[in-house]
Amino acid sequence: MNTAPDSAAPHRWLTPEEQRVWRAYLHATTLLEDHLDRQLQRDAGMPHIYYGLLVTLAEAPKRRLRMTELAMKAKITRSRLSHAIARLEKNGWVRRENCPSDKRGQFAVLTEEGAAVLGRTAPGHVTAVRQALFDRLSPEQQKALGEIMEIVAEGLQPDEEGADLPWLR
């Protein structure tokens, strides 16, 4: 399927309703991310992205992942991940280990201290997420939102080789 713009085709501007939905989405996601980031900074001294990395490591087998896999799961560039892991290492929450089967590869490993911080922080974070999002939606709206976000994410994560995805940069 050719998705390159066709200069001969008329431009499809957003309809007024699409513009309303788009702006509402941008407004809500910006406010939600800021709300969650402030809660985590206040309660644990970390940004939301660091919390997500700790959660991902906590859910991984042996609380460890290859750095490339962690970047993919976090949907961030490898350089941004490297910077974040360096900060988490400085806090004692994560450590790096060399990969025995690949001299260039490294693992990020959640430490006991990192797991303890996550354990103390998770209840407040879940409360913030619940109050900001789920308590405002009916079960039907929650289901619809989940289905919509899955469709959007699926469409933005191409399978073809050479795709321009953050964790490949």
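Two strands are taken to pair if DSSP finds at least two bridges between them. Helices (H or I, at least four residues) and strands (E, at least two) are DSSP runs, numbered from the N terminus. Arginine 96 stands opposite alanine 108 in strand S3.

The structure is a predicted model, in which local features need pLDDT of at least 70 and side-chain atom pairs count only at pLDDT 80 or more, while totals for chains, interfaces and linings use all residues. Residues are numbered from 1 along each chain as its sequence is written, and side-chain values use heavy atoms, with hydrogens and water left out.

## Overall architecture

The protein contains 6 helices and 3 strands. Along the sequence these elements follow the pattern α-α-β-α-α-β-β-α-α. Of its 169 residues, 24% count as buried; buried means under 20% relative accessible area, exposed means over 50%, and partly exposed lies in between (1.4 Å probe, protein chains only). A contact requires heavy atoms within 4.5 Å. Among contacts between residues at least 6 apart in sequence, 53% join residues at least 24 apart. The protein exposes about 12,100 Å², of which carbon and sulfur atoms supply 55%; accessible areas come from the Shrake-Rupley method with a 1.4 Å probe, and for residues only the protein chains shown count as cover.

## The paired strands

Strand S2 (residues 94-99) and strand S3 (residues 102-110) run antiparallel and are joined by 6 bridges.

## Helices H1 and H2

The expected span of a helix is 1.5 Å times one less than its number of residues. Helix H1 (residues 16-44) has 29 residues and should therefore span 42 Å; its end C-alpha atoms are 42 Å apart, in agreement with that value. Helix H2, with 12 residues, reaches 17 Å from its first C-alpha to its last, close to the 16 Å expected.

In H1, Leu36, Gln39, Leu40 and Ala44 are buried. The buried residues of H1 pack against helix H2 (48-59) and helix H5 (112-132). For H2, the buried residues are His48, Tyr50, Tyr51, Leu53, Leu54, Thr56 and Leu57. Just after H1, glycine 45 takes a positive phi of about 70°.

## A nonpolar surface patch

Patches are made of residues with over 30% relative accessible area and no salt bridge; like charges are joined within 9 Å, and nonpolar side chains (Val, Leu, Ile, Met, Phe, Trp, Tyr) within 5 Å. Leu14, Trp22, Tyr25, Leu26, Leu145, Ile148, Met149, Val152 and Leu156 make a nonpolar surface patch of about 800 Å². H1 and helix H6 (139-156) each supply at least two residues of this patch, and the largest share, 5 residues, comes from H6. Tyrosine 25 is found in helix H1; with a relative accessible area of 38%, tyrosine 25 is partly exposed.

## Salt bridges

A salt bridge is a side-chain nitrogen of Lys or Arg within 4 Å of a carboxyl oxygen of Asp or Glu. By this rule the count comes to 8 salt bridges.

| Pair | N to O distance |
|---|---|
| Arginine 20 and glutamate 17 | 2.6 Å |
| Glutamate 112 and arginine 63 | 2.8 Å |
| Arginine 95 and glutamate 97 | 3.0 Å |

Glutamate 112 lies in helix H5 and arginine 63 in the loop between H2 and strand S1 (64-66), so the pair ties together parts that are 49 residues apart in sequence. Glutamate 112 is exposed, with a relative accessible area of 60%, whereas arginine 63 counts as partly exposed at 23% relative accessibility.

Arginine 20 and glutamate 17 both lie in helix H1, 3 residues apart, which is about one turn of the helix. Arginine 20 is partly exposed at 49% relative accessible area, and glutamate 17 is also partly exposed, at 45%.

Arginine 95 is partly exposed, with a relative accessible area of 39%, and glutamate 97 is partly exposed, with 24%. A network of salt bridges links Arg64, Arg95 and Glu97.
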